[in-house]
Amino acid sequence: MAQIINHSFDTIPKSYLFSEVARRVAAFRAAHPEKALIPMGIGDVTRPLRRPVIDALIKAAEEQTHAESFHGYGPEQGYDFLRQAVLGHYAGFGVRLEKEDVFISDGAKSDLGNLPDLFSKNCVVLLPDPVYPVYRDSNLMAGRKVKYLAATRENGFAPLPDKDTHADLIYLCSPANPTGAAYTKEQLNVWVDWALANDAVILYDAAYECFIRDDLPHSIYEVEGAEKCAIEVCSLSKTAGFTGIRCGYTVVPHGLVREGQNLHDLWLRRQCTKMNGVAYPIQRAAEAVFTPEGMAACKEDIAAYLRAAAIVAEALDELGVWYCGGKNSPYIWMECPKGLDSWQFFDALLENAGIIGTPGSGFGENGEGYFRLSAFSGEENARAAMERLRAWLKG
């Protein structure tokens with residue numbers, strides 16, 4: 001009998017990390033219905049969509065009720081009005097792009113999983129470890145060889161290539177999920193030089209660039225030469241609370257060519273075949289994010305999440321627990337106390353403090369012994385959670 005199943009699925013964990021977290025939390029709630037839990041695990045936002053976004057969404061939806069303003073199938077690469085708005089956002093940190101280089105999508109996760117369609121199954125993929133599971137699982141599903149580059153406390157969870165680093169594709173995320181670590185421009189320059197020298201392609205996840213407050217690059221295209229070796233993916237999920245309505249964008253420069261093939265043209269062909277674009281009302285809502293009123297509102301929300309991160313950081317400082325992140329990122333990457341491993345700490349934190357977090361081992365081998373807390377639950381929850389953590393660890 002012919003084999004019809006893609007057995008590359010056999011190489012990935014049977015359960016997605018956050019599905020296992022949800023399963024354990026559900027079991028705990030069923031056993032302890034009287035206990036109020038504080039969610040600081042999955043990175044979903046909690047602050048609602050802002051007025052400029054909602055007004056644009058409502059207006060665009062109303063347009064759909066009139067024949068003269070109705071929109072059906074849109075361009076697969078996105079409407080020009082939103083692509084131009086994205087160009088303006090990049091110009092704000094000194095990056096000039098062409099409108100045709102910008103592709104509108106339903107979010108970063110989809111594009112990060114779909115971009116490998118452009119590359120051979122024989123490509124070697126290099127991932128920092130710990131890593132966002134989508135990078136790993138989507139390539140293992142396709143049957144590619146995946147190698148890991150150790151991201152550790154010693155290198156600030158921002159590893160760099162050396163003479164023995166060999167790969168065709170490399171995923172970088174800055175500020176990183178899960179560690180919150182961010183690359184400097186000098187460090188990104190090392191990666192760009194490496195990619196150009198090795199004909200490699202960088203898939204750069206900039207989903208958290210809006211949280212950067214220090215003098216750090218918001219885009220890999222701030223580095224000279226990156227347009228010849230990097231594809232950048234970004235999202236409005238965390239920037240503007242679009243986790244529920246879904247919109248993001250990917251930049252594939254015209255100058256990115258490998259083996260005589262223009263990757264921009266390949267991605268356009270792929271999208272035209274497999275995607276019908278993002279809904280018109282959603283794109284109008286996304287356009288409103290980039291207006292002065294929209295950006296001002298988003299900055300208020302981001303500042304609130306960073307204040308929640310600072311509350312967590314202050315408590316960990318007081319408790320003498322090592323951590324990174326939380327400054328240019330909504331994530332705090334902490335060392336598990338009491339000598340516990342990641343899942344042991346997950347269970348103990350749930351049992352003793354009623355706090356839901358994310359075990360570091362779910363992000364890779366080098367995540368063992370660490371734990372991710374998210375600031376997206378807000379300041380009030382962060383304050384309450386840290387009081388519980390203090391009471392448990394000091395008790």
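Colleague: Which residues in H9 are buried?

Modeller: Tyr280, Pro281, Ile282, Gln283, Ala285, Ala286, Ala288 and Val289 are buried in H9, where buried means under 20% relative accessible area, exposed over 50% and partly exposed in between, with a 1.4 Å probe and protein chains only. Helices (H or I, at least four residues) and strands (E, at least two) are DSSP runs numbered from the N terminus. This is a predicted model, in which local features need pLDDT of at least 70 and side-chain atom pairs count only at pLDDT 80 or more, while totals for chains, interfaces and linings use all residues. Residues are numbered from 1 along each chain as its sequence is written, and side-chain values use heavy atoms, with hydrogens and water left out.

Colleague: What do the buried residues of H9 pack against?

Modeller: They pack against H2, helix H3 (80–91), E2, helix H7 (237–240) and helix H10 (292–319); contact means heavy atoms within 4.5 Å. With 8 of its 10 residues buried, H9 is largely enclosed by the rest of the structure.

Colleague: At what angle do H2 and H9 cross?

Modeller: The axes of H2 (residues 51–63) and H9 (residues 280–289) cross at roughly 150° and come within 8 Å. Axes are lines fitted to C-alpha atoms, for helices over the stretch in contact, and angles run from 0 to 180 degrees between N-to-C directions. That makes H2 roughly antiparallel to H9, a label for angles over 145 degrees; under 35 counts as roughly parallel, 65 to 115 as roughly perpendicular and the rest as oblique.

Colleague: Which residues in H2 meet H9?

Modeller: Pro52, Val53, Ala56, Leu57, Ala60, Ala61 and Glu63 in H2 do, and their counterparts in H9 include Tyr280 and Arg284.

Colleague: Changing topic, what is the strand order in the sheet?

Modeller: The open sheet has 7 strands in the order E2-E8-E7-E6-E5-E3-E4, with mixed pairing. Two strands pair if DSSP finds at least two bridges between them. E2 (102–105) and E4 (145–150) are the edge strands, each with a single partner, so one side of each has no neighbour in the sheet.

Colleague: How many bridges do E3 and E4 have?

Modeller: Strand E3 (residues 124–129) and E4 pair in the parallel sense over 6 bridges. Val125 has Val146 in E4 as its bridge partner.

Colleague: Which strands does H8 touch?

Modeller: Helix H8 (residues 263–274) packs on the sheet and touches E2, E6 (201–205), E7 (230–235) and E8 (248–251). The direction of H8 makes about 30° with that of E2.
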